[in-house]
Amino acid sequence: MATKTPLALVRGLGAARSGTDEFWRQRLSAVALLPLAAFFIGLLVALAGASHHRVATTLGDGWVAVPLLLLVVACLVHMKIGVQVVIEDYVHDKALKLVLLMANTFFSYAMAIAAAAALVKLSLGG
């Protein structure tokens, strides 16, 4: 038994079948952010008032750098999906929507690369 109207069948309209994947990725990134954000807040409290050298040394330690990188990646994945939904829902001009979606993607990747490069530089003592 078909649930689509004859007009919808002719137009080919319906679910794009990609919404569930984005829904679960955003929920998963939100769950990942809970312990990572707690770790980050604890790190900030522990390093409050510390010297620049101590902060740089602590951030360069692998046991600190890896969770920080995971925090940045989880934040950027969560942000990218959220901003993408807002753009898709509220920007109606197709050309502007395409430009904004591309800018959202490029910004997310650029921030991930910059954060990874900064943590690698700190880890290598640079």
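Colleague: Where in the fold is the place of Gln26, in terms of helix?
Modeller: This is a predicted model, where local features need pLDDT of at least 70, side-chain atom pairs count only at pLDDT 80 or more, and totals for chains, interfaces and linings use all residues. Residues are numbered from 1 along each chain as its sequence is written, and side-chain values use heavy atoms, with hydrogens and water left out. Helices here are DSSP runs (H or I, at least four residues; strands are E, at least two), numbered from the N terminus. On that numbering, Gln26 belongs to helix H2.

Colleague: Is Gln26 buried or exposed?
Modeller: The cut-offs are under 20% relative accessible area for buried, over 50% for exposed and partly exposed in between (1.4 Å probe, protein chains only). Gln26 has a relative accessible area of 16%. That value is under 20%, so Gln26 counts as buried.

Colleague: And which residues is Gln26 in contact with, leaving aside its neighbours within four places in sequence?
Modeller: Contact means heavy atoms within 4.5 Å. With the neighbours within four places set aside, Gln26 touches His78, Ile81 and Gly82.

Colleague: What about Cys75 and Leu33, how far apart are they in space?
Modeller: Cys75 is in helix H4 and is partly exposed, with a relative accessible area of 35%. Cys75 and Leu33 are 42 residues apart along the sequence. Their C-alpha atoms, though, are separated by 7.0 Å.

Colleague: How are H4 and H5 oriented to each other?
Modeller: Axes are lines fitted to C-alpha atoms, for helices over the stretch in contact, and angles run from 0 to 180 degrees between N-to-C directions. H4 (residues 62–90) and H5 (residues 94–123) pack at about 175 degrees, with their axes 10 Å apart. The labels are roughly parallel under 35 degrees, roughly antiparallel over 145, roughly perpendicular from 65 to 115 and oblique for the rest. H4 and H5 are therefore roughly antiparallel.

Colleague: How many nonpolar residues are in the contact of H4 with H5?
Modeller: Nonpolar covers Ala, Val, Leu, Ile, Met, Phe, Trp, Tyr, Cys and Pro, charged covers Asp, Glu, Lys and Arg, and the others, Gly among them, are polar. The contact has five polar and three charged residues. The nonpolar count is 16.

Colleague: How far apart in space are Ala112 and Leu69?
Modeller: Ala112 is in helix H5 and counts as partly exposed at 22% relative accessibility. Ala112 and Leu69 are 43 residues apart in sequence. C-alpha to C-alpha, they are separated by 8.3 Å.

Colleague: Zooming out, what pattern does the protein chain follow along the sequence?
Modeller: The protein chain has five helices and zero strands. Read along the sequence, that comes out as α-α-α-α-α.
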